[in-house]
Amino acid sequence: MTRATQTLEAVGLTKKYGSFKALDSLNLRIEGSKCVGFLGPNGAGKTTTLKIFTGLIRPSAGSALVNGMDVHAQKRKALATVAALVETPEIYPSFTPNEALMMIAKLRGVPPEIRRKKVEDALHEVRMEDWRDKKVGEFSKGMKQRINIASTLLNDPEIVLLDEPSSGLDPRGMSEVREIIRGLKERKRLIFMSSHLLAEVTEVCDEAALVDHGKLLAYDTIQRLTERFSVGGVLEAGFVGPVTAEILKSVESIRGVVSAARIDDKSLRLKFSGGPDAQAMIYSELGGLKIGVNSLRPASSALEDVYLNLVKENV
Ligand SMILES: Nc1ncnc2c1ncn2[C@@H]1O[C@H](COP(=O)(O)OP(=O)(O)OP(=O)(O)O)[C@@H](O)[C@H]1O
Ligand SMILES: [Mg+2]
């Protein structure tokens with residue numbers, strides 16, 4: 001499938017509720033087929049941004065552009081290739097996915113002669129074909145969310161906006177949703193999704209935009225964000241035998257290690273300062289000490305570290 005390059009652009013996007021600025025001149029330009037995570041603390045302005053990009057609310061100032069078209073000045077045209085899952089009502093429990101999606105396709109103006117095919121394709125994309133004629137009321141939350149995602153795919157959108165797609169799901173539901181988002185990317189779509197799950201964003205997104213207090217703090221590839229803003233972290237080290245006082249002392253004396261504490265008999269949690277280079281040094285030092293380290297892993301994701309640092313600075 002070939003598509004023109006899609007773009008989403010916020011230009012001085014501002015949203016006021018009374019005198020409170022939920023969005024404060026937000027500038028962001030996303031281009032191409034990729035998945036971009038939208039991160040920020042509660043109340044940062046993520047849902048507000050997504051609602052403006054879906055035409056659900058109007059900005060107080062600035063503009064939201066989709067493929068260069070203003071969402072509010074040229075709503076129909078700008079949103080023709082956009083699908084969104086932002087505050088979607090629950091599907092009526094006695095409907096089957098087939099019935100619900102056929103109805104939504106009709107409401108969205110999908111021509112009758114291709115409706116069935118579009119519904120089949122969408123069900124296939126979220127791997128729910130086998131459930132097409134079962135009642136939605138019997139589905140798990142994860143399955144319902146897959147049907148919700150399918151409902152956004154009926155117009156074969158170029159751009160998909162998702163507001164916390166995994167929120168409220170159990171680990172299995174989350175992993176199913178993650179799988180589907182990965183699939184969406186394969187069809188050359190631009191996916192922009194808000195999330196509080198940094199591991200999820202690291203896993204499925206190519207880039208991340210961080211907002212706080214209605215302003216953009218950073219937007220870059222996840223790799224570059226980690227390189228730029230990571231200033232230390234926490235590692236967990238496992239040992240073949242018990243962690244002796246001597247081992248503890250030698251770990252504490254490694255350059256860059258700020259502190260080390262036993263988690264249990266055979267493992268340590270160590271805090272370090274510095275970026276990825278410092279981390280690499282600590283890895284090699286720990287190996288070189290020959291103190292029986294048999295596992296070593298970051299206790300928090302690198303993106304979490306970046307997020308916490310950026311959000312902290314912005315208080
Ligand atoms: N209709 C409204 N009236 C007044 N204030 C609002 C309204 N909608 C949102 N806000 C405020 O705007 C700010 C941004 O809200 P928004 O929902 O965009 O945040 P968010 O980043 O999506 O947060 P969360 O992670 O909790 O979903 C919050 O302080 C919120 O209280
Ligand atoms: Mg929100």
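This is a predicted model: local features need pLDDT of at least 70, side-chain atom pairs count only at pLDDT 80 or more; totals for chains, interfaces and linings use all residues.
In lysine 46, an N or O atom of the side chain is 2.8 Å from an oxygen atom of ligand 1. For threonine 47, the distance from a side-chain N or O atom to an oxygen atom of the ligand is 2.7 Å. Histidine 196 also has a side-chain N or O atom 2.7 Å from an oxygen atom of ligand 1.

H3 covers residues 97-107, and H5 covers residues 141-152. The two pack at an angle of about 30°, and their axes are 10 Å apart. At that angle, H3 is therefore roughly parallel to H5. The crossing is right-handed. On the H3 side the contact uses Pro97, Leu101 and Ile104, and these meet Ile147, Ala150 and Ser151 of H5. By class, that contact has five nonpolar residues, one polar and no charged.

The other partner of H3 in this talk is H4, residues 112-125. Here the packing angle is about 125°, with the axes 10 Å apart. So H3 is oblique to H4. This crossing is right-handed. H3 contributes Pro97, Asn98, Leu101, Met102, Ala105 and Lys106, while H4 contributes Arg115, Arg116, Val119, Glu120 and Leu123. What is the make-up of the contact of H3 with H4 by class? There are six nonpolar residues, one polar and four charged.

The last pair is H8, residues 222-229, with H11, residues 302-313. Their axes are 9 Å apart and the angle is about 55°, so H8 and H11 are oblique to each other. Is the crossing of H8 and H11 left-handed or right-handed? For this pair, it is left-handed. From H8, the residues in contact are Ile222, Leu225, Thr226 and Phe229, and they meet Ala302, Leu303, Val306, Asn309 and Leu310 in H11. Seven of the residues in this contact are nonpolar, two are polar and none is charged.

Note on methods:
Residues are numbered from 1 along each chain as its sequence is written. Chains are lettered from A and ligands numbered from 1 in the order in which they are written. Side-chain values use heavy atoms; hydrogens and water are left out. Axes are lines fitted to C-alpha atoms, for helices over the stretch in contact, and angles run from 0 to 180 degrees between N-to-C directions. Helices (H or I, at least four residues) and strands (E, at least two) are DSSP runs, numbered from the N terminus. Angles under 35 degrees count as roughly parallel, over 145 as roughly antiparallel, 65 to 115 as roughly perpendicular and the rest as oblique. A crossing is left-handed if the near helix is turned anticlockwise from the far one by less than a right angle, and right-handed if clockwise. Contact means heavy atoms within 4.5 Å. Ala, Val, Leu, Ile, Met, Phe, Trp, Tyr, Cys and Pro count as nonpolar, Asp, Glu, Lys and Arg as charged, and the others, Gly among them, as polar. A polar contact is a pair of N or O atoms within 3.5 Å; within protein, one must be able to donate a hydrogen and the other to accept it, and residues adjacent in sequence count only if both atoms are side-chain atoms.
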